[in-house]
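Here is a short tour of a protein model, written for someone who likes to know the cut-offs behind each term. Have the structure open as you read.

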Amino acid sequence: MTGDPISKKTLARLPLYLGYLREQKNGGQPYISATTIADALGLNQVQVRKDLALISNGGKPKVGYRISELEADIERFLGYDNINSAVIVGAGHLGKALMSYVGFKQYGLEIIAAFDSDPSLWNTTFNGITVFPPEKMADIAERLKLHIGIITVPAPHAQEVCDRLVEAGVRAIWNFAPTVLRVPEGILVQNENMASSLALLCNHLSQRLNG
């Protein structure tokens, strides 16, 4: 472990390494090399070695990393060993899909409450998660010391929701609305723009099929 600053690109690769390690840890081999990980994931070997050196000092020459220890190092670095509670705003189709996903906990995230402006959804539950009126957001977030908010509302309402979350004490926002959010300094926004991703896929297909 070098202690050097870590880039966003490296952060994005760490979950890939973790997923692969979880698949391999029951395979009978206690150790794994950076080269094996790189080959399996189609990544540059030198880059994988650099990434792992940033978060773990358990690698041994000609032996590699003990899988269980490297898995724990990555989980600890990413914060997956501590469950972070989150709220979701927007209990429509996408919001319900996220609430129904049971895999978040293994990545250190637990959605414990949802909010929606539709009165017909108030006090209903999805996968054990209760939907509340937006007016209760500040009280619930402050009482439960929540710092992560997930936005799944239509784009025209996303900034208003973002402002409410920030006022409620949220310090990290996962934004699924196709719009750019304005936030104060110190607030992290991670955008998931499905329209942009779809555009990339369609452009790739167009070039391959019509090239």
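## Salt bridges within a helix and beyond

Arginine 143 is exposed, at a relative accessible area of 54%. (Exposed means over 50% relative accessible area, buried under 20%, and partly exposed in between, with a 1.4 Å probe and protein chains only.) Its salt-bridge partner is aspartate 139, with 3.6 Å from N to O; a salt bridge here is a side-chain nitrogen of Lys or Arg within 4 Å of a carboxyl oxygen of Asp or Glu. Aspartate 139 counts as partly exposed, at 47% relative accessibility. Because arginine 143 and aspartate 139 are four residues apart in helix H6 (residues 137-144), about one helical turn separates them.

Before going further, a word on the source: this is a predicted model, in which local features need pLDDT of at least 70 and side-chain atom pairs count only at pLDDT 80 or more, while totals for chains, interfaces and linings use all residues. Residues are numbered from 1 along each chain as its sequence is written, and side-chain values use heavy atoms, with hydrogens and water left out.

## The other charged pairs

The structure holds seven salt bridges. One of them joins arginine 13 to aspartate 51, at 2.6 Å from N to O. This pair ties together distant parts of the chain, 38 residues apart, with arginine 13 in helix H1 and aspartate 51 in helix H3 (residues 45-55). Are these two partners buried or exposed? Arginine 13 is buried, with a relative accessible area of 16%, and aspartate 51 is buried too, at 0%.

Lysine 105 and glutamate 110 also form a salt bridge, and their closest N and O atoms are 3.6 Å apart. Here lysine 105 is partly exposed at 49% relative accessible area, and glutamate 110 is partly exposed at 26%. Elsewhere, a network of salt bridges links Arg22, Glu71 and Glu75.

## Overall layout

The protein has eight helices and nine strands. These are DSSP runs numbered from the N terminus, where helices (H or I) have at least four residues and strands (E) at least two. Along the principal axes, the C-alpha atoms fill a box of roughly 60 × 50 × 35 Å. Of the 211 residues in the protein, 36% are buried.

## The sheet

Seven strands form an open sheet with mixed pairing, in the order E5-E6-E4-E3-E7-E8-E9. Strand E5 (125-126) and E9 stand at the edges with a single partner strand each, so one side of each has no neighbour in the sheet. Two strands count as paired if DSSP finds at least two bridges between them.

Strand E3 (residues 84-89) runs parallel to E7, and four bridges join them; alanine 86 has isoleucine 148 in E7 as its bridge partner. E7 and E8 also pair in the parallel sense over four bridges. Glycine 149 is partnered by isoleucine 173 in E8, and isoleucine 151 by asparagine 175 in E8. From E7 the chain crosses through H7 to E8 in a right-handed β-α-β crossover: with the strands pointing away from the viewer, the path from the first strand over the helix to the second runs clockwise.

## Pockets

How much space lies in the largest pocket? About 1,100 Å³. A pocket, on a 1 Å grid over the protein atoms alone with a 1.4 Å probe, is an open set of points with protein on both sides within 12 Å along at least five of seven lines, and lining residues have an atom within 4 Å of a point. Of the 21 residues lining the largest pocket, Leu78, Tyr80, Trp174, Leu188 and Gln190 are the closest to its centre. Helix H1 (8-24), strand E7 (148-151), strand E8 (172-175) and strand E9 (188-191) each supply at least two lining residues, and H1 gives the most, with four. By class, the lining of the largest pocket has 15 nonpolar, four polar and two charged residues.

The second largest pocket holds about 270 Å³ of space. Its lining has 16 residues, with Val89, Ser117, Val153, His157 and Val161 nearest its centre. Helix H7 (residues 155-167) gives the most to this lining, with four residues. The lining of the second largest pocket divides into eight nonpolar, five polar and three charged residues. (Ala, Val, Leu, Ile, Met, Phe, Trp, Tyr, Cys and Pro count as nonpolar, Asp, Glu, Lys and Arg as charged, and the others, Gly among them, as polar.)

Notes:
Points joined across faces, edges and corners; volume = space filled by probe spheres on them.
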